[in-house]
Protein chains: 4
Amino acid sequence: MVIVLEQSITPDQAETLKKYLLERRIGARREKGEHYDVLVTADSEHAQVPREIAGLPGVRRIVPMTESFLLASRDFRSANTVIEQDGFRVGDTPVVLFSGPCAVEDADQMETCAAAVKAAGGAVLRGGSFKPRTSPYAFQGLGEEGLRLHREAANRHGLMMMSEVLDREDLDLVAGYADILQVGSRNMQNFPLLKALGRQAKPVMLKRGLASTREEFLLAAEYILMGGNGRVILCERGIRSFDPSLRNNLDLASVCLLKEMTHLPVVVDPSHATGTRSLVLPMARAAAAVGADGIMVEVHPAPENALSDGPQALRIEDLPVLARDLAAIAPLVGRTFGTTP
Amino acid sequence: MVIVLEQSITPDQAETLKKYLLERRIGARREKGEHYDVLVTADSEHAQVPREIAGLPGVRRIVPMTESFLLASRDFRSANTVIEQDGFRVGDTPVVLFSGPCAVEDADQMETCAAAVKAAGGAVLRGGSFKPRTSPYAFQGLGEEGLRLHREAANRHGLMMMSEVLDREDLDLVAGYADILQVGSRNMQNFPLLKALGRQAKPVMLKRGLASTREEFLLAAEYILMGGNGRVILCERGIRSFDPSLRNNLDLASVCLLKEMTHLPVVVDPSHATGTRSLVLPMARAAAAVGADGIMVEVHPAPENALSDGPQALRIEDLPVLARDLAAIAPLVGRTFGTTP
Amino acid sequence: MVIVLEQSITPDQAETLKKYLLERRIGARREKGEHYDVLVTADSEHAQVPREIAGLPGVRRIVPMTESFLLASRDFRSANTVIEQDGFRVGDTPVVLFSGPCAVEDADQMETCAAAVKAAGGAVLRGGSFKPRTSPYAFQGLGEEGLRLHREAANRHGLMMMSEVLDREDLDLVAGYADILQVGSRNMQNFPLLKALGRQAKPVMLKRGLASTREEFLLAAEYILMGGNGRVILCERGIRSFDPSLRNNLDLASVCLLKEMTHLPVVVDPSHATGTRSLVLPMARAAAAVGADGIMVEVHPAPENALSDGPQALRIEDLPVLARDLAAIAPLVGRTFGTTP
Amino acid sequence: MVIVLEQSITPDQAETLKKYLLERRIGARREKGEHYDVLVTADSEHAQVPREIAGLPGVRRIVPMTESFLLASRDFRSANTVIEQDGFRVGDTPVVLFSGPCAVEDADQMETCAAAVKAAGGAVLRGGSFKPRTSPYAFQGLGEEGLRLHREAANRHGLMMMSEVLDREDLDLVAGYADILQVGSRNMQNFPLLKALGRQAKPVMLKRGLASTREEFLLAAEYILMGGNGRVILCERGIRSFDPSLRNNLDLASVCLLKEMTHLPVVVDPSHATGTRSLVLPMARAAAAVGADGIMVEVHPAPENALSDGPQALRIEDLPVLARDLAAIAPLVGRTFGTTP
């Protein structure tokens, strides 16, 4: 439940309200908005939200059950949210490059990728150790061994480490290694996982579901924000269409629309969106041209031998080409990339 | 990994193969197919499947990483799978009625629903105590208290209890109360949950994802079958389309197609598919007319006050009408309903 | 332009309005609605609709440029429109069977089909002589020779003849033979053709476009109604989805929704919707079970040799089975079929 | 029908084949391919293609009824097709700008637009005089008066004139004024119109249907090519998706895919694709970044007063911004724009 406060609420009124909630054992956290503050309360387990709260002085309204996203909206916060962690920043002027293999396979692969990502101006080393695979017969990831290899490669090259969490049972394990936690598109509406991510401290990259509307996407982000974790990075990675001749359909206009709707950063993943190597560089350029805050591409030292998604992985030698193109396009949209001033 | 055996494999060859696997600490379970048997091994955590297995005598092939469903296919088992539990049967001649409220709210509601479901010839009392809700501000379910109310109502009326599991952390709790575990469409590709369901003993109703192909749907079922739990009920509940004037699009031809592709029972949920009360009875009739193994409808004593999905809930007095229609249509497709002989 | 009149408009006011329009050379036709009448004017070629009309006494409003359908709506006419022609009726209590081959091929084929359709209780013999084919290398139809063969077979068996018109240049030719004119889904928004159909006298079957919303579908019907031809039969024939394992997705809930939105009859075509013979009978039963006003199925004496769409054509011996099923289901929804009383 | 010839066919064999066809009154035109030539014959009105042709010496095969596009394929012609008309070229190194209002309204509007398009480096002045409108109550276009105003404005500024044809009855009229004929997405499968366009001499811009696959799109182009008109420009203009918060979904990866599949030029229309002014410039940049051969944007001197599609029209002052961005991005993909060398 979110209680929207009047701009004019007095400290006394706020105090009364807090006491009222405490008596009913409802914990509450105050979040500052641009035009008004809100009280975010713990998940109500009461079937009926205590409607008398709406009548207390200083309360404008309670966000009703069917309401759309609020904490994620531009209306609540008009300035872009810049997410920082140990020097890493996304949502600010520089376009951020996220790259690495689809799945962590071995130390050599991670070392080669990490070196290439760093050389190309990348900031984040991605790589999956717990893989969501459509088929139970496909490679499911190395598990903790993969996390360890991933961490070591990231450390050696001064990169952030981003890894996917499949459900809340794995959360502590993955969060023990990674700097940024990724939620895949199949899990965009795994609500227990979203709630758990809201209660921990690391930034989260949330990927849009294959057939999710923008509103559902932002409501999924709201689950995390509501729990107290404001560091959510949105990721467009293609939606399902009727034409089987391409894996997904990268909804690039959505980047612009999302940035009108929300203050959160928006990253684009052209690798999963297209599933086809020859389309990744063009679509990465296009993503930069519409103003994405970051670009995420998969890379592999030997895509033909990759244990997962080889056909969409860039080759090592493609990364400098991408870097050059991003550096050329970024200034057109008021951004920078790499050594661009 | 699945190892497909030659029809002609000798006991000696089978023994050699088992020893070979044991030495490599790969557990294996033999499943009988109609034309050939298979060895289903534990989830390989090896990046590379030991390909020399394919060369052992008596082995026809190893199901490669990208292969489609196998245990779920009609090719593996041509006869319909009939799922039984304490006298309940689905997949057999009688059409099975699953009904109850969207969310468990209180004891009165459950009592009224259970009595009505029983009177209408229903076999299963559905109801959610852990609700997956698009908005974090919507009612999230009563949790264990709901499970208890649900169990009591089911017991009083001799109905099976079916309840949704949101992730593997809740699994033991829900399985401690329910007879049938439901996986919602947003969780159809929650792979850790599917694997956990494969390792437990209760029947599972798996709902098709909003934008999942039939192949992806059957691969999700395969995750459960592969774990050793063969009792999976598939549920068509509407897919996403481009026309916002209706919540989802109920893919009824899919019932027939699925029954050609798989031996598992297929149930239809016209309540979630349409989201609109006036469309539920017509679409339930249509589902019976295409040969669904079961029909699942939501019912509520007072839909206008429901905490979840009220607009799609049937009223108590609609259930006998539904029962009459099912009884009339079932014989046309070689089925029975209720007291139909 | 449609001018909505006040219920209270006096004959004098109506006269003044007519004179006003005549002076500006705008022809107008009065149509009676249930609660109010409207003046339907000829297509305005004026960029700016003369807004002063809205100020004349007796005028409630002018339908603005972006407004939705009006003549097609249940709001304008609450009673079902029954379309009659020479004893044929659709939209009334009996469910109507439309059947015949996809394409007219030769006299024998038409004779066999016509006899079978009549025997099964069918009322309309369908068959294309001008075929819209995705590939230019596919059979394009026999043209006028096909119309002649079609007419003769229909006459011999006392059936109505329905044939497709591809554009307005063919309209007079096809209308010279057929009783009912069909507009295919690819032509649902061929606006010059729709306008021309509005100016002629025969009933029109309008098929829903592959990716058309219900609103667009009814606006296409409105084009015909606005021209003065009120005899439009709507046809649901499947919409496009993301799953390539089935040709189209038959939107059966749409039949119920359309019948809430409009007074026009709604027919279902399970042959084009599924593209697969084994699915046609089940989906035809389902269409009857949701209350369709008619069922249209393709039939062919030798589907394996058909020049067009053979895989979806029923065999001759399937028609009596369909007839038996329709006769059993119709009474459940307050309808009749064949000799059902 | 297309008859694929052996590379090794001798003049004598070719002569025999021609005589054979002439005796059966089948006209044929030879088209040179890169690896083999083909004979394109007039639309067969024979139900059965004379299969004995396939047995004649020098004939490799006959394109069977269900085959996909051939003349449009990269396999038939590997070099890009450059379409020229009076100094205008598309498909070559320069990116071409097509711009103008949605609908021609009056002389002033056309003059303002034409001057702005020319100043921005545009080559083609677009504008509709026959408008396909979803609602019959929307402005339908000025007809011939619009064509005249359009022609005069284009002439005054040395621009090509492009206008839409709605059906074959209007073709001669529109072709009497315009340099390039446009086929709208609703008409992409208006086969009589496509055939008529194949028999006339002007270039055709063919827009992709709202729910058409790439294969269907190229088969529609094939209809025009087969008639003898090889000058077809393809246009991506957005496809339908499940999210109603944006009009269409611009499928930019499709530009790259189409250019792999076909030798025809591909233009992108971000105005219709998004329906929203603020998204047009970003998506135009993105289109240039993926390598589109041209960009088509709508512009209007006063979008708020436009009779059609005002919300998506750029303002006059947006065109120089677009020109600057295109000039910056074009060199990245080996192209030029405007005065770029």
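**How the chains meet**

Analyst: Happy to! The copies meet through the same surface, because 100% of the interface residues of chain A are also interface residues in chain B. Contact here means that the C-beta atoms of two residues, placed from the backbone, lie within 7 Å. This is a predicted model, where local features need pLDDT of at least 70, side-chain atom pairs count only at pLDDT 80 or more, and totals for chains, interfaces and linings use all residues. Residues are numbered from 1 along each chain as its sequence is written, while chains are lettered from A and ligands numbered from 1 in the order in which they are written.

User: How many residues of chain A are in contact with chain B?

Analyst: 41 residues of chain A touch 41 residues of chain B.

User: And which elements give two or more residues to the chain A side?

Analyst: Those are α4 (168-175), α5 (191-198) and α6 (214-226) of chain A. The largest share of that side, five residues, is from α6(A). Helices (H or I, at least four residues) are DSSP runs, numbered from the N terminus, as are strands (E, at least two).

User: What does the side of chain A that touches chain B have by class?

Analyst: That side has 21 nonpolar, eight polar and 12 charged residues. Ala, Val, Leu, Ile, Met, Phe, Trp, Tyr, Cys and Pro count as nonpolar, Asp, Glu, Lys and Arg as charged, and the others, Gly among them, as polar.

User: What rotation superposes chain A on chain B?

Analyst: A rotation of 180° does, with 0.0 Å of shift along its axis and an RMSD of 0.1 Å. In chain A, Ala211(A) has the C-alpha nearest the axis, 2.9 Å from it. Copies are superposed by least squares on the C-alpha atoms of residues with pLDDT of at least 70 in both.

User: Switching over, what about chains C and D?

Analyst: Their contact takes 41 residues from chain C and 41 residues from chain D. On the chain C side, α6(C) gives the most, with five residues.

User: How is chain C superposed on chain D?

Analyst: By a rotation of 180° with 0.0 Å of shift along its axis, at RMSD 0.1 Å. These two copies are therefore related as by a two-fold rotation axis. Ala211(C) comes closest to the rotation axis of the residues of chain C, at 3.0 Å (C-alpha).

User: Last topic: which domains is chain A divided into?

Analyst: Domain 1 (2-62) and domain 2 (83-333), with bounds from an automatic or database domain assignment. Taken over C-alpha atoms, the centres of these two domains of chain A are separated by 36 Å.
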